[in-house]
Amino acid sequence: MVTATPPPGSKGIDEILAEARTRLNRLDAARTAAAIRDGAILVDIRPAAQRAEHGEIPGALIIERNVLEWRLDPRSDARLPFANSYDLAVVITCQEGYTSSLAAASLQDLGLHRATDLDGGFAAWQAAGLPTTHFG
């Protein structure tokens, strides 16, 4: 096995993920459901193939990861109409809660200070017995 020497000052993905999570008030499935009832927007960033295989959370807004920042940045010309406040309560979900942590931290970098993620992702939501739909 060849092990490359990382460049000085670089960080591994585990370190980047841990740093991102220190900034988040991550929500479990029950707290996510409560946040949605209180007006938070649940954003599913999983690709279409993953949603087709595993299912979806009813009412979740689908914004795939590759365009997330452009759709939710109040400064962006490509933002969605509702994304006009830095006080927007957004909960990001992915399949297992890894990519969503990075995405939520990125939204915080844009100034969306209430952005967070669903700890454990769609899998945790489903395991908690909360509603899902499946189109496959």
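**Close-up 1. Contacts of Leu61 in a predicted model.** Leaving aside its neighbours within four places in sequence, Leu61 is in contact (heavy atoms within 4.5 Å) with Ile41, Leu42, Val43, Asp44, Leu80 and Phe82. Leu61 lies in strand β2, residues 61-62, where helices (H or I, at least four residues) and strands (E, at least two) are DSSP runs numbered from the N terminus. With a relative accessibility of 27%, Leu61 counts as partly exposed, a class that falls between buried, under 20% relative accessible area, and exposed, over 50% (1.4 Å probe, protein chains only). The C-alpha atoms of Leu61 and Glu96, which are 35 residues apart along the chain, are separated by 17 Å. This is a predicted model, in which local features need pLDDT of at least 70 and side-chain atom pairs count only at pLDDT 80 or more, while totals for chains, interfaces and linings use all residues. Residues are numbered from 1 along each chain as its sequence is written, and side-chain values use heavy atoms, with hydrogens and water left out.

**Close-up 2. The largest nonpolar core.** A nonpolar core is a set of buried Ala, Val, Leu, Ile, Met, Phe, Trp, Tyr and Cys residues joined through side-chain atoms within 4.5 Å. The largest one has 18 residues, and those with the most contacts inside it are Val43, Ile45, Leu68, Leu72, Val90, Ile92 and Leu107. At least two residues of this core come from each of β1 (41-44), α4 (68-72), β3 (90-93) and α5 (99-109), and α5 gives the most, with three residues.

**Close-up 3. Ile92 and a second core.** Not counting residues up to four places away in sequence, Ile92 touches Val43, Ile45, Leu68, Ser100, Ala103, Ala104, Leu107, Thr116, Asp117 and Leu118. A second, separate core of 13 residues includes Leu27, Ile57, Ala89 and Val91.

**Close-up 4. The chain around these sites.** The chain holds six helices and four strands, which follow the pattern α-α-β-α-β-α-β-α-β-α when read along the sequence. Its radius of gyration, taken over C-alpha atoms, is 16 Å, close to the 14 Å that the globule rule (2.2 Å times the number of residues to the power 0.38) gives for 136 residues, so the chain is as compact as a globular protein of that length. Buried residues make up 41% of the 136 residues, and among contacts between residues at least 6 apart in sequence, 65% join residues at least 24 apart.
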